[in-house]
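Student: I would like to learn how to read a few features from a model. Could you take me through them in turn?

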Amino acid sequence: MTSHLILLRHGRTYSNASRLLDTRPPGAELTDIGRAQAREAGRELAARPGQIREVVTSVALRAQQTAMIAAAAYEEARGLVPGSLSVTVRAGLHEASVGEIEMRGDDAAHRAYQRAFHGWLRGEEAARIPGGEGYRDILGRFRPVLEEIADSLRAAPEAGDVVVVSHGGAIRTVSTHAASADPEAAFEAYLANCRYVELDAAGREFGAWAVARWDTLRDA
């Protein structure tokens, strides 16, 4: 038996609706659509085989809201006592910083973001927006948390999976490097709100983790 890491993107926010590059915590809150997406994510997780042992979330407001709503929907669908599924906030899981283009929504800013993001997936040292992060910065804060969770999964696989509520760019960047996935396929695989990447560490080193599911990922 193995248990998995489920990296779930937060629900739709007001910044998403306005196409704003909102990466700095606390960030925007969920829209009504985003809240509905989080509830549906919780019900979807409840329909999976096995169980969820814990939900871990980034410090961003949208991630915490998604985590709490999804956990409550999971509990309701599984007939659990409300509040029985642990939700923990962890530092290091927030979105990749975009520096000087923070809160911009113009086409030039989005092109700059896509160039940097593509570079993060490829492991290019120079890929960053001025004032923002490179891929090593993202991995440096995100990877230790995932490896700690992976250790707990390996120690007690029977306890179930762990959901990590985070952000699209960070999830795709970290997952690409965790599983040595094809960066071009990962770049094309947009991760919509409340969709997820599921990783199986299974005692392997980071970089050799298996992808159990990656929503919208195309075959290389």
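The dialogue below covers helix packing, a strand, salt bridges and backbone geometry.

Tutor: Keep in mind throughout that this is a predicted model.

Student: Start with the helices. At what angle do the axes of helix H5 and helix H6 cross?

Tutor: A crossing angle from 65 to 115 degrees counts as roughly perpendicular. The axes of H5, residues 135–155, and H6, residues 168–178, cross at roughly 80 degrees and come within 10 Å. H5 is therefore roughly perpendicular to H6.

Student: Which residues make the contact between H5 and H6?

Tutor: H5 contributes Tyr135, Ile138, Leu139, Phe142 and Leu146, while H6 contributes Ala170, Thr173, Val174 and His177. Sorted by class, the contact of H5 with H6 has seven nonpolar residues, two polar ones and no charged ones.

Student: How are helix H4 and H6 oriented, roughly parallel or roughly perpendicular?

Tutor: Angles under 35 degrees count as roughly parallel. The axes of H4, residues 107–122, and H6 cross at roughly 25 degrees and come within 9 Å, so H4 and H6 are roughly parallel to each other.

Student: Which residues of H4 and H6 make that contact?

Tutor: On H4 they are Tyr113, Phe117, Trp120 and Leu121; on H6 they are Gly169, Arg172, Thr173, Thr176 and His177. The classes in the contact of H4 with H6 are four nonpolar, four polar and one charged.

Student: Now the strand E5. What should I know about faces?

Tutor: Side chains in a regular strand alternate between the two faces of the sheet.

Student: Are the faces of E5 covered or open?

Tutor: Both faces of E5 are covered. Tyr196, Glu198 and Asp200 lie on one side, Val197 and Leu199 on the other, and all are buried. In other words, five of the five residues of E5, which spans 196–200, are buried.

Student: Which strand joins E5 by four bridges and runs antiparallel?

Tutor: Strand E6, residues 210–214, is joined to E5 by four bridges, and the two run antiparallel. Within E6, Arg213 is the bridge partner of Glu198. Strand E1, residues 5–9, also pairs with E5 in the antiparallel sense, over four bridges. There, Leu8 has Tyr196 of E5 as its bridge partner.

Student: Next, the salt bridges. How many does the structure hold?

Tutor: The general idea is that side chains of opposite charge can pair when their charged atoms come close. The structure holds 18 salt bridges. One of them joins the side chains of Glu125 and Arg136, at 2.6 Å from N to O. That pair links distant parts of the chain, eleven residues apart: Glu125 is in the loop between H4 and H5, and Arg136 is in helix H5.

Student: How accessible are Glu125 and Arg136?

Tutor: Exposed means over 50% relative accessible area, and buried means under 20%. Glu125 has 47%, so Glu125 is partly exposed; Arg136 has 53% and is exposed.

Student: Are Arg141 and Glu133 buried or exposed?

Tutor: Arg141 and Glu133 are both buried. They form a salt bridge whose closest N and O atoms are 2.8 Å apart. Elsewhere, salt bridges with shared partners join Glu44, Arg195, Arg213 and Asp215 into one network.

Student: What about Arg35 and Glu29?

Tutor: Their side chains meet in a salt bridge at 3.5 Å, N to O. Arg35 is partly exposed, at 28% relative accessible area, and Glu29 is partly exposed, at 37%.

Student: Which residues does a cis peptide bond join here?

Tutor: Pro25 and Pro26 are joined by a cis peptide bond, with omega about 10 degrees. Pro26 sits in the loop between helix H1 (14–17) and helix H2 (32–46).

Key
Residues numbered from 1 in each chain as written. Predicted model: local features only at pLDDT ≥ 70, side-chain atom pairs only at ≥ 80, totals over all residues. Heavy atoms only, no water. Axes fitted to C-alpha atoms, helices over the stretch in contact; angles between N-to-C directions. Parallel < 35°, antiparallel > 145°, perpendicular 65-115°, else oblique. Contact = heavy atoms within 4.5 Å. Nonpolar A, V, L, I, M, F, W, Y, C, P; charged D, E, K, R; others polar. Buried < 20%, exposed > 50% of the residue type's maximum accessible area, 1.4 Å probe, protein only. Pairing = 2+ DSSP bridges. Salt bridge = Lys/Arg side-chain N within 4 Å of Asp/Glu carboxyl O.
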